[in-house]
Amino acid sequence: MSFFNPEAPLIRIKQKDLDIQDLQGIWNIHLKIDTKTLLRRVYTRIDQVFIIWGVITAIIFTTAQFLPIDWSTQAMIWTPLTFVGTICTIVFTHYWAKVERLSWVIYFWSSLMMAGVAITDWGVYQSQANILVHLCPIWLGLCAVGYIATALGLRSRALLLTGIAHLLAIAALNYLEGWQFLATGMVMGSSLILLAEMQWDMRPPIDNTILTQQQKQFNQEQQQLRRSA
């Protein structure tokens, strides 16, 4: 039996028939003029978290690359912003993670982000030059560990490849002297936005006792619709 789900494409356009845990707190964006649709997007709570972190990542690393703001000032701004992102992650994904029995993934990611903040702030406030010059590989490494752990929990090839891409980006930094922050932000941010916009593979649905019989029946019907699409 394959560890990954061979029936699920690695990545594809999002399907519309979602399970109850994915419909919780969903964003439906539908822009149109008269009967002509200009933009239609659906973002689950997981997608929303990816978008939040994509924005946070873009702001932090673009600022570090282009704006002449000292490290201490940046740390004072980015530390609470990272805390906000972490809290949003826990709150937004609580129900989904509980249904999917993946709460450990959320708390693992939160721990990684807090570890990153602690290392960064220690480097800034203690003037640890060796840490400051390695901030990009540190954060890429933390994200790589997070993606690989999540890939194992969800049995997702797409997330595993994303983690590997972050590891390869660390090696590529040696050839991007002077542009490491921009490159790091692009790798981390584009990965998050891509995962938010597309549907990636994961293990088959599980039966969870916290769902009512009616909710289980709804999920079974949605799964059948997805298979027939």
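Colleague: Buried means under 20% relative accessible area, exposed means over 50%, and partly exposed is in between (1.4 Å probe, protein chains only). Which of these is Arg41?

Modeller: Arg41 is partly exposed, because its relative accessibility is 35%. Keep in mind that this is a predicted model: local features need pLDDT of at least 70, side-chain atom pairs count only at pLDDT 80 or more, and totals for chains, interfaces and linings use all residues. Residues are numbered from 1 along each chain as its sequence is written, and side-chain values use heavy atoms, with hydrogens and water left out.

Colleague: Thanks! What does the side chain of Arg41 meet in a salt bridge?

Modeller: The side chain of Glu197, at 3.1 Å from N to O. A salt bridge here is a side-chain nitrogen of Lys or Arg within 4 Å of a carboxyl oxygen of Asp or Glu. This one links distant parts of the chain, as Glu197 is in helix 8 (residues 180-197) and Arg41 is in strand 3, 156 residues apart. Helices (H or I, at least four residues) and strands (E, at least two) are DSSP runs, numbered from the N terminus. Glu197 is partly exposed too, with a relative accessible area of 28%.

Colleague: How many salt bridges does the count come to?

Modeller: Six, by this rule. One of them joins Arg226 and Asp19, with 3.0 Å from N to O. Arg226 sits in helix 9 (residues 213-228) and Asp19 in the loop between strand 1 and helix 1 (20-23), so the pair ties together parts that are 207 residues apart in sequence.

Colleague: Are Arg226 and Asp19 buried or exposed?

Modeller: Arg226 is buried, at 18% relative accessible area, and Asp19 is buried as well, at 4%. For another pair, look at Lys216 and Asp207, whose side chains meet at 3.4 Å, N to O. There Lys216 counts as buried at 18% relative accessibility, whereas Asp207 is exposed at 53%.

Colleague: Back to strand 3. Which way does strand 3 run with strand 2?

Modeller: Strand 2 (residues 27-33) and strand 3 (residues 36-43) run antiparallel, and seven bridges join them. Two strands pair if DSSP finds at least two bridges between them. For example, Lys32 has Thr37 in strand 3 as its bridge partner.

Colleague: And what do strand 2 and strand 3 form?

Modeller: A hairpin, with two residues between the strands. In that turn, Asp34 has a positive phi of about 55 degrees. Arg101 also has a positive phi, near 55 degrees, in a residue other than glycine. Arg101 lies in the loop between helix 3 (71-100) and helix 4 (103-125), and it is partly exposed, with a relative accessible area of 48%.

Colleague: Which residue takes a positive phi just after helix 6?

Modeller: Arg155, at about 55 degrees. You'll find Arg155 in the loop between helix 6 and helix 7, partly exposed at 30% relative accessible area.

Colleague: What about helix 6 itself: how far apart are its end C-alpha atoms?

Modeller: They are 28 Å apart, which agrees with the 28 Å that the 20 residues of helix 6 (residues 135-154) should span at 1.5 Å a residue. The expected span is 1.5 Å times one less than the number of residues. Of those 20 residues, 15 are buried, so helix 6 is largely enclosed by the rest of the structure.

Colleague: Last one: which residues make the nonpolar surface patch?

Modeller: Leu10, Ile11, Leu161, Ile164, Leu168 and Leu194 make a patch of about 510 Å². Helix 7 (residues 157-172) gives the largest share, three residues. Ile11 is in strand 1 (residues 11-12) and counts as partly exposed at 34% relative accessibility. Patches are made of residues with over 30% relative accessible area and no salt bridge: like charges are joined within 9 Å, nonpolar side chains (Val, Leu, Ile, Met, Phe, Trp, Tyr) within 5 Å. Accessible areas come from the Shrake-Rupley method with a 1.4 Å probe, and for residues only the protein chains shown count as cover.
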